[in-house]
Amino acid sequence: MPTQARARLLAAAEELFYAEGIRAVGVERLVTTSGVGRASFYRHFAGKDDLVLAVLRAYGTRFLDWLAQDVAARGGHPLAVFDALADRFDQDDFRGCTAINTIIESADPESAAHRVAAAHKDEVVRYLTGLLASAGSPRPAELAAQFMLLVDGAIVTALRERGPGPARRARSVAAALLA
């Protein structure tokens, strides 16, 4: 069934791109890992670049859904963003942020992958702005930009340090910004 082939390709691509990087994974590896034939691959995607964009869009949606649900489950306070990240950073399979990893690999800001990854980050800032506005912040957009800097910094630092410490330190800085 075509839908299953597409889903298998997306799942394999997301896993391989996250673990090894976009450039390190070729179409042949994607086809082999997903169990989908080469012809089926090209029926669903014009090429690897189209698959990359589909993976990035799906990741962005899933990440925002996860973050919003996790923060809501913790009471909806803006600082809960950092608690959610701390839990994620503490998992063995944490390899950073798919969007940040893509922006690094696709450094050309005009590339489609770079633009989709950057648009995801803009969506996260919009989510943070809404979260801060709901919490009564007098300057939610300004604080959201600062929170995003803390989020991205914590993600990159967690890759180096391994574990939840960077999210906890970022939370402390965010709490000072809210005070």
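Hi everyone, let's start with one glycine: Gly-21 sits in the loop that links α1 (2-20) to α2 (27-34). The helix labels are DSSP runs of H or I with at least four residues, numbered from the N terminus. Before going on, please keep in mind that this is a predicted model, where local features need pLDDT of at least 70 and side-chain atom pairs count only at pLDDT 80 or more, while totals for chains, interfaces and linings use all residues. Residues are numbered from 1 along each chain as its sequence is written, and side-chain values use heavy atoms, without hydrogens and water.

Back to our glycine. Is Gly-21 buried or exposed? Gly-21 is buried, at a relative accessible area of 11% (buried means under 20%, exposed over 50%, partly exposed in between, with a 1.4 Å probe and protein chains only). Leaving out neighbours within four places in sequence, Gly-21 contacts Leu-16 and Glu-105, where contact means heavy atoms within 4.5 Å. The C-alpha atoms of Gly-21 and Cys-97 are 11 Å apart, although 76 residues separate the two along the chain.

Now to helix pairs. Two packed helices are described by the angle and the distance between their axes. Here the axes are lines fitted to C-alpha atoms over the stretch in contact, with angles from 0 to 180 degrees between N-to-C directions. For α5 (residues 80-89) and α8 (residues 140-161), the axes come within 11 Å and cross at roughly 15°. That makes α5 roughly parallel to α8, a term for angles under 35 degrees. On the α5 side, Val-81, Phe-82, Leu-85 and Phe-89 meet α8 residues including Phe-147 and Leu-150. By class, this contact of α5 with α8 has 10 nonpolar, no polar and no charged residues; Ala, Val, Leu, Ile, Met, Phe, Trp, Tyr, Cys and Pro count as nonpolar, Asp, Glu, Lys and Arg as charged, and the others, Gly among them, as polar.

Next, the inside. The largest nonpolar core has 36 residues, and Val-81, Phe-82, Phe-89, Tyr-127 and Leu-128 have the most contacts inside it. Such a core is a set of buried Ala, Val, Leu, Ile, Met, Phe, Trp, Tyr and Cys residues joined through side-chain atoms within 4.5 Å. The biggest contribution to this core comes from α8, with 9 residues. A second, separate core of 21 residues includes Leu-30 and Val-116.

Terms used:
Helix = DSSP H or I, 4+ residues; strand = E, 2+ residues; numbered from the N terminus. Parallel < 35°, antiparallel > 145°, perpendicular 65-115°, else oblique.
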